[in-house]
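Please look through the sequence and the 3D structure shown below.

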Amino acid sequence: MPVYHYPDTLGEACSIMAEGEDAMVYGGGTAVQILLKQGVLFASDLVDIGAVPGLGEIARTKDGLRVGPLVTLRQMETSPLVREFAPLAAEVYGRVANPRIRNTASVGGNLAHGDYRLDPPTALMVLDARVELTSSRGKRTVPAREFFVDFQQTALAPGEIITAVEIPRQPEDAGAHFAKLSSLAVNDWPAASAAALVVPASRGRRQVRLGLGALAHVPVFTRFEIPGDTPADEVVVTAKEVAGPLIDPLPDVRGGSAYKTRLGLVAVEEAVRGSWKERDDERRIPFLGRRRRR
């Protein structure tokens with residue numbers, strides 16, 4: 001059985017992480033407890049960071065938001081700050097599993113879990129989010145797009161703790177949409193998911209950013225630029241051409257590789273069409289402002 005630790009400061013937590021042979025941070029614990037009971041996760045020490053000040057807060061910054069690792073997924077879904085500054089993130093966090101899970105699971109633990117089917121990374125990648133990592137050696141930040149390095153492996157080095165997720169403010173004139181397709185229960189892992197964010201580029205063009213979940217061994221990010229007056233059907237065709245070669249899903253009980261590939265292209269179309277339409281709607285009806293998802 002692992003030894004439990006309850007540090008009062010971040011420095012103490014980092015020291016324990018540095019000294020433990022297989023030390024692991026314990027936050028919300030939704031995944032850790034299950035994996036420990038299943039015997040597929042082994043840890044010499046579990047470091048509960050619940051008493052460390054400041055790790056459960058959502059704070060406004062100069063460029064956007066700073067989210068502590070102990071913030072729950074439900075807080076991300078309902079926080080007025082997140083809904084104002086990063087509405088796409090609020091929407092995607094609100095689509096994770098079910099309310100019971102969202103009220104327990106934490107932002108940091110969700111990322112550290114490293115599963116390729118996670119929903120939040122699809123939004124964090126297109127929003128240019130960065131993950132702050134802290135250890136006894138100091139701090140560093142890693143773009144969310146580079147955080148997932150291999151199958152169920154992240155950029156977390158031994159002894160490091162996720163101490164924040166920094167999310168830039170979502171551009172007010174951006175279009176955004178999230179598509180999630182499940183083949184089993186609606187609250188199950190997705191068979192395919194896609195987040196799209198359309199932002200202005202230079203010379204009348206728009207940049208389409210895509211974050212894909214459950215469609216490869218890691219969450220995938222890609223982007224492309226296209227003239228701003230391109231019809232939505234043509235944008236969808238381009239998006240599928242760009243995303244298609246990156247889709248290489250793992251077969252499981254939710255479907256085979258060919259089935260998930262087809263679902264992935266459907267998710268890409270839904271996300272891109274939704275974000276392009278939202279952007280067009282805002283241009284036609286400017287006085288309505290940003291449409292806030294709930």
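**Cores, salt bridges and a pocket**

The largest nonpolar core has 43 residues, and Leu-88, Leu-127 and Ile-167 are those with the most contacts inside it. A nonpolar core here is a set of buried Ala, Val, Leu, Ile, Met, Phe, Trp, Tyr and Cys residues joined through side-chain atoms within 4.5 Å. Helix α5 (residues 87-93) gives this core its largest share, five residues. Helices (H or I, at least four residues) and strands (E, at least two) are DSSP runs, numbered from the N terminus. A second, separate core of 26 residues includes Ala-191, Ala-192, Ile-247 and Leu-263.

The model is predicted: local features need pLDDT of at least 70 and side-chain atom pairs count only at pLDDT 80 or more, while totals for chains, interfaces and linings use all residues. Residues are numbered from 1 along each chain as its sequence is written, and side-chain values use heavy atoms, with hydrogens and water left out.

Not counting residues up to four places away in sequence, Ile-167 touches Asp-63, Gly-64, Leu-65, Val-67, Met-76, Ala-86, Leu-124, Leu-127 and Ala-129. Contact means heavy atoms within 4.5 Å.

Next come the charged pairs. A salt bridge is a side-chain nitrogen of Lys or Arg within 4 Å of a carboxyl oxygen of Asp or Glu, and by this rule the count comes to 19. One of them joins Arg-74 to Glu-77, with the closest N and O atoms 3.0 Å apart. Both residues lie in helix α3 (residues 73-78), three residues apart, about one turn of the helix. Arg-74 counts as partly exposed because its relative accessibility is 29%, whereas Glu-77 is buried, at 14%. In these terms, buried means under 20% relative accessible area, exposed over 50%, and partly exposed in between (1.4 Å probe, protein chains only).

What do the side chains of Glu-84 and Arg-169 form where they meet? They form a salt bridge, at 3.8 Å from N to O. Glu-84 lies in helix α4 (residues 80-85) and Arg-169 in the loop between β10 and β11 (175-181), so the pair ties together parts that are 85 residues apart in sequence. Glu-84 is partly exposed at 37% relative accessibility, and Arg-169 is partly exposed with a relative accessible area of 32%.

Lys-180 and Asp-119 also meet in a salt bridge through their side chains, at 2.7 Å from N to O. Because Lys-180 lies in strand β11 and Asp-119 in the loop between α7 (107-113) and α8 (120-126), this pair ties together parts that are 61 residues apart in sequence. Both Lys-180 and Asp-119 are buried.

A network of salt bridges links Asp-188, Asp-252, Arg-254 and Lys-260. Is Lys-260 buried or exposed? Lys-260 counts as buried, because its relative accessibility is 1%. Lys-260 lies in helix α11 (residues 257-284). Leaving aside neighbours within four places in sequence, the contacts of Lys-260 include Asp-252 and Arg-254, both members of the network. Ala-191 and Ala-192 are also among its contacts, and these two residues belong to the second core.

The second largest pocket holds about 160 Å³ of space. On a 1 Å grid over the protein atoms alone, a pocket is an open set of points where a 1.4 Å probe fits, with protein on both sides within 12 Å along at least five of seven lines; lining residues have an atom within 4 Å of a point. Grid points are joined across faces, edges and corners, and the volume is the space filled by probe spheres set on the points. This pocket is lined by 14 residues, of which Pro-53, Gly-54, Leu-55, Arg-66 and Thr-163 lie nearest its centre. The elements that give two or more residues to the lining are β5 (64-67) and β10 (161-168).

Two single residues complete the tour. Asp-115 has its place in the loop between α7 and α8 and is buried, with a relative accessible area of 2%. Leaving aside neighbours within four places in sequence, Asp-115 is in contact with Gln-152, Trp-189 and Pro-219. Lys-62, in the loop between β4 (58-60) and β5, counts as exposed at 83% relative accessibility.
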